[in-house]
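This report looks at side-chain contacts. It covers aromatic rings and salt bridges.

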Amino acid sequence: MKLTRYEQESILNYNAGEQTATLYTRDKAVMRKLDTLVADFPYTYKLIEQDEVSKTYFFSKSYVSYRKPRAVSDGQRERARQMMIAKNRAKEI
């Protein structure tokens with residue numbers, strides 16, 4: 001079954017009273033990442049339910065992470081811009 005981009009949702013659920021989290025997803029990219037984690041770390045990440053379009057995973061909520069946006073200086077931005085210009089010119093040749 002083909003899902004629209006809007007229907008490819010992920011829902012992370014945890015609370016303050018428990019040490020575990022569940023992640024329900026219909027997003028194939030998220031499924032691939034979590035399937036790799038399940039295979040590599042079977043005692044930490046578990047696949048607990050699946051159907052033809054979705055999967056549900058179970059893991060410690062300590063693995064849920066929130067990060068600050070990356071701060072890019074003007075110098076870094078200019079170097080990245082110059083690298084992209086050089087890369088595009090190389091493709092044209």
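## Terms and model

Buried means under 20% relative accessible area, exposed means over 50%, and partly exposed lies in between (1.4 Å probe, protein chains only). The model is predicted: local features need pLDDT of at least 70, side-chain atom pairs count only at pLDDT 80 or more, and totals for chains, interfaces and linings use all residues. Residues are numbered from 1 along each chain as its sequence is written, and side-chain values use heavy atoms, with hydrogens and water left out.

Helices (H or I, at least four residues) and strands (E, at least two) are DSSP runs, numbered from the N terminus.

## Aromatic pairs

The structure holds 2 aromatic pairs. Rings of Phe, Tyr and Trp (its six-membered ring) pair if their centres lie within 6.5 Å; planes under 30 degrees apart are stacked, over 60 edge-to-face, and the rest tilted. Tyr-45 and Phe-59 form a tilted pair, 5.3 Å centre to centre with 40° between the planes. Tyr-45 lies in the loop between α1 (28–40) and β3 (46–50), and Phe-59 in strand β4 (residues 55–60), so the pair ties together parts 14 residues apart in sequence. Tyr-45 is buried at 12% relative accessibility. Phe-59 is buried too, at 7%.

Tyr-45 also pairs with Tyr-63: tilted, 5.6 Å centre to centre, 45° between the planes. Tyr-63 sits in the loop between β4 and α2 (74–92), while Tyr-45 is in the loop between α1 and β3, so this pair joins parts 18 residues apart in sequence. Tyr-63 is partly exposed, at 47%. Tyr-45, Phe-59 and Tyr-63 make up one aromatic cluster.

## A salt bridge between helix and strand

A search of the whole structure finds 3 salt bridges. The criterion is a side-chain nitrogen of Lys or Arg within 4 Å of a carboxyl oxygen of Asp or Glu. Asp-35 bridges to Lys-55, with the closest N and O atoms 2.7 Å apart. This pair links distant parts of the chain: Asp-35 is in helix α1 and Lys-55 in strand β4, 20 residues apart. Asp-35 is partly exposed at 27%, whereas Lys-55 is buried at 16%.

Asp-74 and Arg-77 meet in a salt bridge of 3.3 Å, N to O. They are 3 residues apart in helix α2, so about one helical turn separates them. Asp-74 is exposed at 63%; Arg-77 is partly exposed at 48%.

Arg-81 forms a salt bridge with Glu-78, the closest N and O atoms being 3.0 Å apart. Arg-81 and Glu-78 are also 3 residues apart in helix α2, about one helical turn. Arg-81 is partly exposed at 42%, and Glu-78 is partly exposed at 35%.
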